[in-house]
Amino acid sequence: MDRNNNVIRTKPIGITSDDKFPVSYQSANTFFHFVNKFNYLNEMISDKKIYPRYCKESLEYLDLDIKNISVVMKCFCNIPLHMVQAHKKEYGTYCIGLTKEWGIRNNLQPVIYYNQESSFYNSIRKSYNAAMQYSSDDDVLADIGEMTNYVFKYMKPVIGRDLKTKRIKDFTDEKEWRYVPEINGLDFGEIIVEENVINHQNIIESYNKIIKDKGYYLQFDYEDIKYIFVNNDSQRKNMIKRIKKLDCTQEEKDLLITKICIWKEMEGDFWWQILLKILKIKIIMMVFYHNLYWKSYLKNGMGIWNMFIKKMGHIC
């Protein structure tokens, strides 16, 4: 350990490949991206690319002099599959699921959910106000401005109004991760703050096209795909036809076809899994109480046995 220059340095801990991507038990080990049109899903699979677009985000809960921003991004979630019903209702029923390893390698970042009662919330507001005092010869304020700008790309309130549905919601339910490219050499950047531009759909679409043409996108290989979700068997057959026409090896085509899933079929499996877990818990409890009360019966007689019968009735 080195304490030179008041900085504590330690030797890096050895990290194995398993340590880099440990299995998650509370979140999905997959990054899901939902879209509302079959053609969008097909385009992603055909191109092996996912293109970011500008999305409007509200800052009203920060109580700043800017109320909205538009951030160029592509959003993913790692909600467990059996819990995505509400999410796909809002964002679309077509979905591509990519591996956790792919997402980490490609700079996906979890959203920072801020609580308006927290010190973090107050720190962000102070940092923004300090950054507004920035002058070209003040390196400290320049750094503060850069950090504040970075945080704004990934911020969302814990509780807030959804700009699409206009409803108040708990945004932490979305378990959102974002890809935000670093835009260089253009007349605009990753964040747009001018309200007249944010609300001008033609300008925003022109920016989206420029970004796409300049090569800002997420690249994936077919082996990175874990799931391709469609709504019915007709769409599955359509997707299979399109996959057969792809410019890739036959092995890749065969593998892709195995990844196609229909929601209704999968949802049936989810409910069976939940039911089996409930039954398993009940059986374990019944065995436990059977052993407990049988021992008590042998020791204390029929009074305890009657209590056991009553308890079994409550469990079942």
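Predicted model: local features only at pLDDT ≥ 70, side-chain atom pairs only at ≥ 80, totals over all residues.
Visitor: Which is the crossing of α9 and α10, left-handed or right-handed?
Guide: The crossing of α9 and α10 is right-handed. Residues are numbered from 1 along each chain as its sequence is written, and side-chain values use heavy atoms, leaving out hydrogens and water.

Visitor: Why is α9 called roughly antiparallel to α10?
Guide: Helix α9 (residues 233-244) packs against helix α10 (residues 250-258) at about 165°, and their axes are 9 Å apart. That angle makes the pair roughly antiparallel (over 145 degrees; under 35 is roughly parallel, 65 to 115 roughly perpendicular, the rest oblique).

Visitor: Which residues bring α9 and α10 into contact?
Guide: From α9 come I240, I243 and K244; from α10 come K253, L256 and I257. Contact means heavy atoms within 4.5 Å. Four of the residues in this contact are nonpolar, none is polar and two are charged.

Visitor: What makes G215 partly exposed?
Guide: G215 has 39% relative accessibility, so it counts as partly exposed (buried is under 20%, exposed over 50%, partly exposed in between, with a 1.4 Å probe and protein chains only). G215 is in the loop between α8 (201-213) and β13 (218-219). G215 and Y51 lie 164 residues apart in sequence, yet their C-alpha atoms are 8.8 Å apart.

Visitor: Why does K166 count as exposed?
Guide: The relative accessibility of K166 is 53%, so K166 counts as exposed. K166 sits in the loop between β9 (159-161) and β10 (168-170).

Visitor: What is the phi of K166, and that of K48?
Guide: K166 has a positive phi near 70°. K48 has one of about 60°, and K48 is not a glycine. Most residues other than glycine have a negative phi. K48 is in the loop between α2 (38-47) and β2. At 24% relative accessibility, K48 counts as partly exposed.

Visitor: How confident is the predictor in the protein, by mean pLDDT?
Guide: The mean pLDDT is 83, and 75% of residues reach 70 or more. The scale runs from 0 to 100. Residues 1-17 are below 50.

Terms used: Axes fitted to C-alpha atoms, helices over the stretch in contact; angles between N-to-C directions. Helix = DSSP H or I, 4+ residues; strand = E, 2+ residues; numbered from the N terminus. Left-handed = near helix turned anticlockwise from the far one by under 90°. Nonpolar A, V, L, I, M, F, W, Y, C, P; charged D, E, K, R; others polar.
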